[in-house]
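Please keep the sequence and the structure in view while reading.

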Amino acid sequence: MAKEKILIIDFGSQYNQLIARKVREFNVFCEIVPSTIDIRSIDKDETKGIILSGGPASVCAKGSPTCNSRILSLGIPVIGICYGMQLMTKILGGEVARSRSREYGRAALTVTNHKHLFKNIPRESVTWMSHGDKVKRMPKGFKRIAFSKNTPIAAFADFNKKLYGVQFHPEVAHTKFGKVILKNFLKDICRAKSEWSMRSFAKDTVSEIRKAAGNKRVILGLSGGVDSSVAAVLINKAIGRRLVCIFVDNGLLRKAEARRVREIFLKTFKINLKCVDASKEFLNALSGVTDPEQKRKIIGKTFIRVFDREAKRIGSVDFLAQGTLYPDLIESRSAFGGPSATIKTHHNVGGLPKKMNLKLIEPLKYLFKDEVRKVGKELGIPEEVLGRHPFPGPGLAVRIIGEVTKERCDILREVDDRFISTIRKEGLYDKIWQAFAVLLPIKSVGVMGDERTYENVVALRAVTSVDGMTADWAKIPHEILGKISNRIINEVKGVNRVAYDISSKPPATIEWE
Ligand code: XMP
């Protein structure tokens, strides 16, 4: 792991992950930590700067989140953003005023001091504001360095102590010079070196895994998706055959998936890979089940059973590796909680470590998805793996509405194959976030030649999105949709009608179940 880092103290802002990504764009490593962080865990040599994030609370409200006030006197440069600026004011003895109206949206900023934080920033520029409270009186030793029409103290600084505050959000794209401001903080004020790169990450992580695993065995459930693939290749590089990957064919995979995984990981990367065909076990367990949540639970449980059994066959194992990513880590421990209602329980292997009594290795747990892809590229993993659309753990089971049978999986596999291969051929695959077909539990009347048919209906779903949280239906040109429909109806036996899903998320979800 890189030695130098920036700490982002989390007060619940929706923009926190964005701040982290912006910092990393300057090749500076950063971590998002809870506001309750123990000050003794902050390494003064490694920590080059601290960012106090924004947040939805008001510092004037009782019980609003705070942090150890000594964070501001460690001698480490600090910048408070929005809530962070107000908290800094309150802790250091200034005054924050509650305003009746929220200021939300673009605001013109006038810079009055161009030293350090606002170096190379024009006197007038556009920023993004989202706040109710504002700083009324600055703490002692602070100078105003910018104002806006509604916010007389829009940014302040104690130049000696290297403490800064901005009322606007520099991490948001609407703040025209936000990147320059962040860069000034990181490079000019914190003097952080730009040493964090995916190449250095891969190199350091390989040696860390070697040290951690010693000469013990590690197992990993390889799904063929981006995260587990990158984790597998990385760990394989560190400990070779002491990593055993288990690929479970649950019978709910896409066409030729098992073969593809074998080809890439067994042949190209020479990974110690065990492929287990457990499709009958999964399909038997799913027999007669139509409820989506029930399907997910059965698949999750069956996976754990199969994986545990296979792991026991390997002999003594000490570690379980998982491709957990940074957003999962942050969300799982966020003091401000994730989405309140469970829309869909996502099948994951969360039950595994507890059940198997293994220590965890999670080499990607500090990375965002785009960084994982970059590491994968460094490791020579083909684009075909790195650029793949997400595929849900329960696979085709949540794309077959109603009962899941082998016959229905086979039909859907063929339909999906025609859909995906056509959008690949037409150059659309990389423009779409996720595309797949859904098999509906109804039949429709058709005509083929002179014959009446009574066959299955499929729906095609393709969406554009950034993170899967919201999505829009993809505007695939009509001629291409026509080609796809023709191919499916002509080539896949048992299907006589194709529909295209034009709902966005929300209110629909991406998957149908
Ligand atoms: P929804 O349908 O919730 O999907 O809009 C958002 C993203 O999550 C994927 N998804 C799942 N992934 N297990 C997974 O591993 C699941 O049970 C599951 N359900 C949905 C979905 O494919 C999309 O990328």
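Where is Arg191 found? Arg191 lies in the loop between helix H3 (178–189) and helix H4 (198–213).

## Basis of the model

The model is predicted: local features need pLDDT of at least 70, side-chain atom pairs count only at pLDDT 80 or more, and totals for chains, interfaces and linings use all residues. Residues are numbered from 1 along each chain as its sequence is written, and side-chain values use heavy atoms, with hydrogens and water left out.

## The chain as a whole

The secondary structure comes to 14 helices and 20 strands; helices (H or I, at least four residues) and strands (E, at least two) are DSSP runs, numbered from the N terminus. Along its principal axes, the C-alpha trace spans about 85 × 55 × 40 Å. Of the 513 residues in the chain, 53% are buried. Buried denotes under 20% relative accessible area, exposed over 50%, and partly exposed in between (1.4 Å probe, protein chains only).

The chain exposes about 24,300 Å², and carbon and sulfur atoms supply 51% of this area. Accessible areas come from the Shrake-Rupley method with a 1.4 Å probe; for residues, only the protein chains shown count as cover. Among contacts (heavy atoms within 4.5 Å) between residues at least 6 apart in sequence, 76% join residues at least 24 apart. The mean positions of the 87 positive and 55 negative charges are 5 Å apart. In that count Lys and Arg are positive and Asp and Glu negative, while His and the chain ends are not counted; each charge is placed at NZ of Lys, CZ of Arg, CG of Asp or CD of Glu.

In strand E1 (residues 5–10), 6 of the 6 residues are buried, so the strand is largely enclosed by the rest of the structure. In a regular strand the side chains alternate between the two faces of the sheet. From E1, Lys5, Leu7 and Ile9 point one way, and Ile6, Ile8 and Asp10 point the other way; all are buried. E1 pairs in the parallel sense with strand E3 (residues 47–52) over 5 bridges, two strands being paired if DSSP finds at least two bridges between them. Within this pairing, Ile8 stands opposite Ile51 in E3. E1 also pairs in the parallel sense with strand E2 (residues 30–34), over 5 bridges, and here Asp10 stands opposite Pro34.

Strand E13 (residues 243–249) is likewise largely enclosed by the rest of the structure, because 7 of its 7 residues are buried. Leu243, Cys245, Phe247 and Asp249 point one way from E13, whereas Val244, Ile246 and Val248 point the other way. E13 runs parallel to strand E12 (residues 218–221), and 4 bridges join the two. One of the residues involved, Gly221, has Ile246 in E13 as its bridge partner.

## Backbone features

Most residues other than glycine have a negative phi, and most peptide bonds are trans. Arg191 has a positive phi of about 55 degrees although it is not a glycine, and Arg191 is exposed, with a relative accessible area of 58%. Asn27, in the loop between helix H1 (16–25) and E2, also has a positive phi, near 60 degrees. At 31% relative accessibility, Asn27 counts as partly exposed.

The bond from Lys505 to Pro506 is cis, with omega near -15 degrees. The bond from Pro506 to Pro507 is also cis, with omega near 10 degrees.

Is Thr151 buried or exposed? Thr151 is buried, with a relative accessible area of 0%. Its place is in the loop between strand E9 (143–148) and strand E10 (155–158). Not counting residues up to four places away in sequence, Thr151 touches Glu103, Met129, His131, Lys134 and Gln167.

Asp277, in strand E14 (residues 273–277), is exposed, with a relative accessible area of 58%. The side chain of Asp277 makes a polar contact with the side chain of Ser279 (2.6 Å). A polar contact is a pair of N or O atoms within 3.5 Å; within protein, one must be able to donate a hydrogen and the other to accept it, and residues adjacent in sequence count only if both atoms are side-chain atoms. The C-alpha atoms of Asp277 and Ile484 are separated by 31 Å, and these residues are 207 apart along the chain.
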